[in-house]
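Hi,

Here is the structure I promised to pass on to you. Have a look at it first, and then read on for what turned up when I went through it.

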Amino acid sequence: MNQKALQTLEYYKIINQLEDYATSALGKELCRGLLPSSDLQDIRQTQQETTDAVSRIRMKGSISFTGCKDVTGSLKRLEIGSSLSIPEILAISSILTVSARAKAYGRHEDSELPEDSLEGLFRSLEPLTPVNTEIKRCILSEDEVSDDASPGLHKVRRAMKNAADKLHSQLNSILNSNRSYLQDAVITMRDGRYCLPIKAEYKNQVPGMVHDQSATGSTLFIEPMAVIKLNNEMRELEIAEQKEIEAVLANLSNQLIPYIEEIRANQQLLGQLDFIFAKANLSRRYKGSQPKFNNKGFISIKDGRHPLLDPQKVVPITLTLGKDFDLLIVTGPNTGGKTVSLKTVGLFTLMGQAGLHIPAFEGSELAVFEEVFADIGDEQSIEQSLSTFSAHMTNIVRILDQADSRSLCLFDELGAGTDPTEGAALAISILSFLHNMKCRTMATTHYSELKVFALSTPGVENACCEFDVETLQPTYRLLIGIPGKSNAFAISKKLGLPDFIIEDAKSHLEEEDEAFEDLLAHLEESRVTIEKEQAEIQAYKEEVAQLKSRLTQKEERLDERKDKLIRNATEEAQRILREAKETADQTIKQINKLSADSGLNRQLEAERTKLRDKLKETDKKLAIKQKGPQQPISPKKLKIGDGVKVLTMGLKGTVSTLPNDKGDLYVQMGILRSLVNIKDLELLHEQDITGPSISGSSSSGFSGRKGGSEKSRIQMSKSATVSPEINLIGMNVDEACSVLDKYLDDAYLSHLPSVRVVHGRGTGALKAGIHKYLKRLKYVKEFRLGEFGEGDSGVTIVTFK
């Protein structure tokens, strides 16, 4: 890509923002060197890496590569056998620590992420845990090596402690016995040797070596003769300590030598991963998406937002180029958004080919171009004696010389800065040349001649940036297929220009120009009217759909209420009749016992039979009349797994067995499995069967009455509505225990054998609180954490007694 286009389209501002998200030196360097690619396979690969990184951040959170330092120089010193210093070894240890952290982050847990394009990079990291552990054991910080780094160092440090104790004891003894000679009652150090601050007038009273004196000369720092030997011993031990430290560093360096290539590879991989996750974080900032790419020159941007504008204020644009037309001419007033639309297309192309997501709606598509050319902004140069027109034309000449069918050309105010007639003619010729070369071109202009050119030329399309004349404010909406109007007269009138001046100006327009502008104005008014009508029609459609839905729901509720009232009344009537029948039977039996006359018995028996027949007739009249299926089901067409509705129960389910010769079959309704007749079923065409399936419900399910003429009259129990799983993620312990208490009661009463309690991993506080609560429940037989495939430690399986 040419540097001028990158500068003009502000590509490097995006790169600066990208660099801010990288945390390592190598990652930042890769960000700075990122340039658009023209290889379709490479673009798709880098785009997929960015997408996979975004997915990982969304699922697992962000990862930091802080601590990944540049150790290239240290590795070269290791290659020639040199020993590394403490900071160099710590820098390598830091890389190994980051490698271990990144490898753990890249490892899949519970298969929540499918294998992606980053899996290989994470897998290639070598944390070298034993070597890193040894470094951390030996070196505590840049200024401190552990006493246990080696036996020799431990021995020297212990000898130094003993010598220091002796030295301080001896000095304290001298200090206490010669306090009058001392300037201050302290032990100090000069040139690495312990001394006492002696007053100058008493220097001969304390024999020893003078190491220093104060600025005024009133104090001499004297090493007493009694501690010279001890100081010498301390100095020797310090030298021995330094040799032991060097030996420790040499040993650690030797341990690192076999892993030079692994460490170098880790550094490169971490820099690459840091770079990829920086692109992902930039995508999340822009709320970007992965665009599709093609090599056919087709661009389709859906609700694209310029990334450098305020996301709260920028108006998205929707644009296509390269399918039905390869040249788009954008017209409209100044400050209407023409240049922003132009830059958005160019910047999206550069960002996409660099592997960056674009801030546009999912499904946007971009073309791969070998070159992007842009002539945007004021190009005049006083130093080079170039006017605005000359500067633009110089740039255009260069573009025409290099552009081909694999190029994207962007022109802002093409032909401006000179005589309008000549400028328009030049602009038409330039655009015709690019159109004939099949270049994908987008240009902005105010010239009416270019609008006519777009209307009359195949493969060329008009577009405009919408402008509200009433408010004198642009809406920044890009409208494809509609030529724009400059609105100069309307804007001037709104701003207070006298009407007679405007009318005079209109008189200077040629009749054809005025008619064309009037036509554009009429088209614009028609478009606005049609859009408003379409919006109103859409609103009416939505309102009708809502009313229809509410009416349907209301009718269903009324039907349910009606059926419930009838059912309750019928059941009450049946209860009363049963009581009357039982009373009558009891009375007749009593009369039979008291009566000895056989004739009377026969008469009583006849009366009893008559009473029973009358009660049966009344019972039949009060019986609930069940609706039959709308369409009878043929047993041959019924298959296992078909969705059906059991009419007598009002429940939906699936066919478990095929009907027998009597038409009876089993239907699974949630956890309820019932034997029903095929005449009681209605076939469902939609898959809306709800209710969880519980293992073992088939053996303990309910069976209906057999026979084609009888109907199943089983009421749905509570177990059909109790789910075998409850999700408590996001609640605190108190809230979770309250919800869990009610749920376990319902589940236990519904005879569920076990349930699944989802609490997540998190800090473990919610899991511990739930386990503590479960231990107190008497009807809980046991509980355990989930196994592989059940949710692992994020789930607890509870079994009831």
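pLDDT is the predictor's confidence in each residue, on a scale from 0 to 100. You will need it here, as this is a predicted model. The protein chain has a mean pLDDT of 81, with 83% of its residues at 70 or more. Where pLDDT is low, the predicted coordinates should not be read in detail.

Helix H2 covers residues 11-21, and its buried residues are Tyr11, Ile14, Ile15, Gln17, Leu18 and Glu19. What do the buried residues of H2 pack against? Their partners are helix H1 (3-8), helix H3 (25-32), helix H11 (260-286) and helix H12 (338-353).

Leaving out neighbours within four places in sequence, Phe122 is in contact with Arg56, Ala102, Lys103, Tyr105, Gly106, Leu273 and Phe277. Of these, take Ala102: 20 residues separate Phe122 and Ala102 in sequence, and their C-alpha atoms are 6.9 Å apart in space.

Another phenylalanine, Phe500, sits in helix H17 (residues 499-507). Is Phe500 buried or exposed? With a relative accessibility of 61%, Phe500 is exposed, because the cut-off for that is over 50%. Together with Leu497 and Ile501, Phe500 forms a nonpolar patch on the surface, and the three have about 290 Å² of accessible area together.

Two backbone angles may also interest you. Leu128, in the loop between H7 and helix H8 (129-138), has a phi near 50°, which is positive although the residue is not a glycine. Leu128 is buried, at 12% relative accessibility. Asp303 is not a glycine either, and its phi is positive at about 50°. This residue lies in strand E8 (residues 299-304), and at 37% relative accessibility Asp303 is partly exposed.

Happy to talk any of this through once you have had a look.

Best wishes

Note on methods:
Residues numbered from 1 in each chain as written. Predicted model: local features only at pLDDT ≥ 70, side-chain atom pairs only at ≥ 80, totals over all residues. Heavy atoms only, no water. Contact = heavy atoms within 4.5 Å. Patch = residues over 30% accessible without salt bridge, like charges linked within 9 Å, V, L, I, M, F, W, Y side chains within 5 Å. Areas by Shrake-Rupley, 256 points an atom, 1.4 Å probe, with all protein chains shown as cover. Salt bridge = Lys/Arg side-chain N within 4 Å of Asp/Glu carboxyl O. Helix = DSSP H or I, 4+ residues; strand = E, 2+ residues; numbered from the N terminus. Buried < 20%, exposed > 50% of the residue type's maximum accessible area, 1.4 Å probe, protein only.
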